[in-house]
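Keep the sequence and the structure in view while reading.

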Amino acid sequence: MDRSEAVVLIERAREAWQAQEWLRAADLYERVLAHYPDEAPSAVWWYDAALAHKFLRNWAKAYELGREAAARAPRGEGDPAYWNLGIAATIQRDWATARDAWTGFGIELPPGEGRIDGRFGPACVRLDTGGEREVVWIDRLCPTRGRVMNVPVTAGRRFGETVVHDGEPKGTRIVDGREFPVFDELLLFEASGLPTFTVTVNAAEAADVEALVELFVAEDYGAEPASGFELVCACCSGGTLERERTTHGGAQRVSLAAPEGEARRLLDRWAAVTPAGRTWSELAPVG
């Protein structure tokens, strides 16, 4: 391939990119890169080709091309080539490459080798399953993985599952004056074995409901009262939402994540504290 043909193909790749024809753009970039892998602008072409496959959720190709892009990017300067490689390598479970990518981006990781299970703080992830969307809280295990800490109402999703999320926040949640980013889910990384149930509880005060949540959380299970769930439109979900942590007393449905025997044991324990003010009924599996 001579340089004039390469120039034409790169221009076509850029046009395909603008039209969001990701596969065509990536194919055109790769045709040029097969002949000119190390020209001055080649690092950008590698990056764009890898990013196109990320948009296509073709993680094997995003990983393959992302390694080439990162190999031509400066280390320790927040270059996005490392971030996208970190995501793809995580999904491929290549922990050595993922660790090197996050370090190359400029992130300090917990010492060690293999799987990254650190404490990167709380954040929110917008789950997306079959067109349904729900924002849940996660405990971030690494720059792109997080454990779901809510009991999702979206069908098929569970407390305790691990998701991979994108790196660019798409919204913000402000709780008690503190800001938390909202990321879009890329995929379900590890499913959770904890089943979901719903139960009707009668609680005299909000503190009684909070005590139920704390009881389940202390056992590494989940409890999500209906009074803590808020339905918002897609437009608002992608913006900044501010709210206070609120729980109401009275009769309401609560979603639980625990084995059935454990759920019944903890519900009985909770109700026994103040028998006149706490009762439960209608425990039923979800899904």
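A salt bridge is counted where a side-chain nitrogen of Lys or Arg lies within 4 Å of a carboxyl oxygen of Asp or Glu. The model discussed here is predicted. Searching the whole structure gives 25 salt bridges. Three of them are described below, beginning with the pair Arg145 and Asp117.

The side chains of Arg145 and Asp117 form a salt bridge with an N to O distance of 2.8 Å. The two residues are 28 residues apart and link distant parts of the chain: Arg145 belongs to strand S3, while Asp117 sits in the loop between helix H6 and strand S1. Arg145 has 0% relative accessibility, so this residue counts as buried.

Glu219 pairs with Arg269. This bridge also connects distant parts of the chain, 50 residues apart: Glu219 is in the loop between helix H7 and strand S8, and Arg269 is in helix H9. Glu219 is partly exposed at 31%, and Arg269 is partly exposed at 46%.

A further salt bridge joins Arg253 to Glu282. Arg253 is partly exposed at 33% relative accessibility, whereas Glu282 is exposed at 55%.

Some salt bridges share partners: Arg115, Asp117, Arg145 and Glu190 are joined in this way into one network.

| Salt bridge | N to O distance |
|---|---|
| Arg145 and Asp117 | 2.8 Å |
| Glu219 and Arg269 | 3.8 Å |
| Arg253 and Glu282 | 3.5 Å |

Key: Residues are numbered from 1 along each chain as its sequence is written. This is a predicted model: local features need pLDDT of at least 70, side-chain atom pairs count only at pLDDT 80 or more; totals for chains, interfaces and linings use all residues. Side-chain values use heavy atoms; hydrogens and water are left out. Helices (H or I, at least four residues) and strands (E, at least two) are DSSP runs, numbered from the N terminus. Buried means under 20% relative accessible area, exposed over 50%, partly exposed in between (1.4 Å probe, protein chains only).
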